Amino acid sequence: MTKSKEVKLKKYGTYWERNAASGGYLLRHDVGQVMIKIIRFVLLFGLCFLILEPIFNKISVSFMDQKDLYNPIVVSIPIHFTGKNYQVAASIMNYKESLKNSIIISLTIAILQTTMCTIVGYGFSRFKFPLKNLWFACVMALIIVPPQAFSSSLVLHFNNYDILGIIKMIKGAPINLRGSVLPYYLMSATCMGLKNGLYIYLVRQFFRNIPIDLEEAAYIDGCGMFKTFIRIMVPQSKPIITSCFLFALVWQWTDGFYSKLFIGGKELVSTSLATIADSLGVYVARELGMVNAQTNVSTQYTNCIMSTGTLLIVFPIVLVYLVAQKAFVESISSTGIKM
Amino acid sequence: MKNDKKDAAPKKRDKKYSGLQKRKAIAGYMFISPFILGFLLFLAKPLFESLYMSFCEVKLGSGVVDKKWIGLANYYEAFRTDPKYLVNLTDVLPQMILYSIGIIVFSFFVSLLLNQEFKARGLVRAVFFLPVIMSSGVILGLEENNSLMAQIADTVETAVANIDVTAVLQEVLETAGVGTRAYEWVFEIIENIYDIATASGIQIIIFISGLQSISSSMYEAADIEGCTKWESLWKITFPMVSSIFLVNWIYTIVDYSMRSDNDVMTRIDTVLTTDLRYGLSSAMAWTYFLIVTVFIGITSFFISKVVYYNDEK
């Protein structure tokens, strides 16, 4: 027993004496706390299991040999333990190359989208200007209308890109912007990327909940509007910016739609995962010595490789999340705001 | 004081944007200028083209798109002649409401749990982030035709089918015969808890980041004044995240109604890709967007009545 505890014991008596002194309140309080802990544990454990179960299934399948897949006795634990599925999936997806491409593109796009959406969201939250409601209606339109709805128009639009006939006047013909990454970066820089409307709206709502006093104080002290935004508002909104960044990263990482539309030339983990079933046929044929042929691969094996590929694509993002979530723990109370 | 404000108000309106306000209006436009630029350059044209197509008979020739104005005929066909569209629509909308409420309640509850202090909190939060990844982009498409996984899930399900607690409870409550309809809805949500848990990953993170922004000094003050935890949940937490509630509500509805495995969206897609009826498909899509927008507008109008903003003085 440490010294402080001894002193405490002398001063206040044992637990039961203290309980008696408090009229039974101490015991009731402690029992209540333990009950809350138990209920919370059961609930979270159950929910976590619910979410993790399909992923556990994938992990167990990914270590199975082909023989185990056809064996009805094997459900979760493989008999012939093997890591070969990972090798096959990685080489089909051209994992090293596509991982590198994906990391570069997803990171730059996510950073670009988060920055621009934070700026625009701030503009919508704090300033009064004419036609504000009209522009905000456009943001809502961006949230509601899914990109698939206008994809065909978008493709045509980028095939013959022209701004009011200006380019045609200069170069003689509209330019083809498809096949290069540039238009997608342009779209991200102007908040037109995947689900960017949501980020704008999210940031706006968040900023509207931050007291205006700090900014007013900054204005009075002679801080410009943009500087106030960078110095005062951004540090306060770490949790929301982190969430936006994570969403942007994940959605870009697994996105097949815009990637197919604009980044067709480069191999990304998302696009190579989408075609993994077809590539497997080619791969198996090549392994068997047949060139330019496609063999039929059993559904079980295809699904097994699919699951392995999914794990390969999910794993890096989980790592990023574990690093990024530190920003959630730092709450606003640490930035010294008294409301 | 109040009289002063009333007197000052009309004056302000006369010179609505003057001095600092004018500078602020310009700064506001500077801040949102990227969005305006993007909207005009990239979104406006495809959007209006698609709207225009819904009033046209579209024929795809060799590289040429032939549009003939036929007025409201496409809309007429979507609602009066098409065998599936209206049925799908009336099926999907009540489902959407039920699920959205379920998802919002569930994710708010979970985010309250995850915002407490306990061991391995980071790990549990990471687990709740997994559905965000697993239900996005190409992975979602792969999951749908992964029969091996479905087979394993079936095996597990049949193994635990005999120990179904909710089924027993459901039987007891239904024989009691009170408010069967309400029970059915609750049980439908409970039975599909997996769908709800996987669909609420985003909402949970948004709620957590909202909860994180509440200053702990408010809770301290309430605690000193003798406020119970339950009271401070309703008097502090709820108003402070109410603006985030609105975002989540809108996002949930949009996410549910625009998912590609949704019946209406599948129908729109079939008409587009199989029947190659661009005009009809656009008409269906636009009426659907309009219905969803109106629904969002009405509900968020009522929600925003109780939303508390800190910048309103």
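What share of the 313 residues of chain B count as buried?

1. Burial and makeup of chain B. The share is 29%. The coordinates come from a predicted model, and every remark below should be read with that in mind. Chain B has 16 helices and two strands. Among contacts in chain B with a separation of 6 or more, 71% join residues 24 or more positions apart.

2. Makeup of chain A. Chain A has 339 residues, of which 37% count as buried. Its secondary structure consists of 19 helices, with zero strands. Taking contacts in chain A with a separation of 6 or more, residues 24 or more positions apart supply 71% of them.

3. Confidence in chain A. The mean pLDDT of chain A is 81, and 85% of its residues reach 70 or more. Of the elements in chain A, α6(A) has the highest mean pLDDT, at 91, while helix α9 (residues 166-171) of chain A has the lowest, at 61. Over residues 331-339 of chain A, pLDDT stays under 50. Where pLDDT is low, the predicted coordinates should not be read in detail.

4. The interface between the chains. Contact between the two chains involves 79 residues of chain B and 86 residues of chain A. On the chain B side, the largest share comes from helix α2 (residues 20-53) of chain B, with 22 residues. Sorted by class, the side of chain B that touches chain A has 53 nonpolar, 21 polar and five charged residues.

5. The largest nonpolar core. This core holds 125 residues. The members that touch the most other members are Val120(A), Ile200(A), Leu202(A), Val203(A), Cys244(A), Val250(A) and Met284(B), a list that names residues of chain A and of chain B. For Val250(A), the contacts can be spelled out: setting aside residues up to four places away in sequence, Val250(A) touches Ile317(A) in chain A, and Val132(B), Ile133(B) and Ser136(B) in chain B.

6. A helix crossing in chain A. The axes of α5(A) and helix α18 (residues 299-324) of chain A come within 9 Å and cross at roughly 75 degrees. The two helices, α5(A) and α18(A), are therefore roughly perpendicular to each other. From α5(A), the residues involved are Asn85(A), Tyr86(A), Val88(A), Ala89(A), Ala90(A) and Met93(A). They meet Cys304(A), Ile305(A), Thr308(A), Gly309(A) and Leu312(A) in α18(A). By class, the contact of α5(A) with α18(A) has eight nonpolar, three polar and no charged residues.

7. A helix crossing in chain B. Helix α3 (residues 73-81) of chain B packs against helix α16 (residues 278-306) of chain B at an angle of about 70 degrees, with the axes 9 Å apart. This angle makes α3(B) roughly perpendicular to α16(B). On the α3(B) side the contact is made by Asn74(B), Tyr75(B), Glu77(B) and Ala78(B). On the α16(B) side it is made by Gly279(B), Leu280(B), Ala283(B), Met284(B) and Thr287(B). The residues of this contact divide into five nonpolar, three polar and one charged. Met284(B) was also named above, in the core.

8. Positive phi values. Most residues other than glycine have a negative phi. Asn94(A) has a positive phi, near 55 degrees. The residue sits in the loop between α5 (84-93) and α6 (95-126) of chain A. Asn94(A) counts as partly exposed because it has 14 C-beta neighbours inside 10 Å. Leu131(A) has a positive phi too, near 65 degrees. Its place is the loop between α6 and α7 (132-144) of chain A. Leu131(A) is exposed, with 10 other C-beta atoms within 10 Å.

9. Phe229(A) lies eleven residues from Ala218(A) in sequence, and the C-alpha to C-alpha distance between them is 9.8 Å.

Note on methods. Residues are numbered from 1 along each chain as its sequence is written. Chains are lettered from A and ligands numbered from 1 in the order in which they are written. This is a predicted model: local features need pLDDT of at least 70, side-chain atom pairs count only at pLDDT 80 or more; totals for chains, interfaces and linings use all residues. Helices (H or I, at least four residues) and strands (E, at least two) are DSSP runs, numbered from the N terminus. A residue is buried if 20 or more other C-beta atoms lie within 10 Å of its own, exposed if 12 or fewer, and partly exposed in between; C-beta atoms are placed from the backbone. Two residues are in contact if their C-beta atoms, placed from the backbone, lie within 7 Å. Ala, Val, Leu, Ile, Met, Phe, Trp, Tyr, Cys and Pro count as nonpolar, Asp, Glu, Lys and Arg as charged, and the others, Gly among them, as polar. A nonpolar core is a set of buried Ala, Val, Leu, Ile, Met, Phe, Trp, Tyr and Cys residues joined through C-beta atoms within 7 Å. Axes are lines fitted to C-alpha atoms, for helices over the stretch in contact, and angles run from 0 to 180 degrees between N-to-C directions. Angles under 35 degrees count as roughly parallel, over 145 as roughly antiparallel, 65 to 115 as roughly perpendicular and the rest as oblique. pLDDT is the predictor's confidence in each residue, from 0 to 100.
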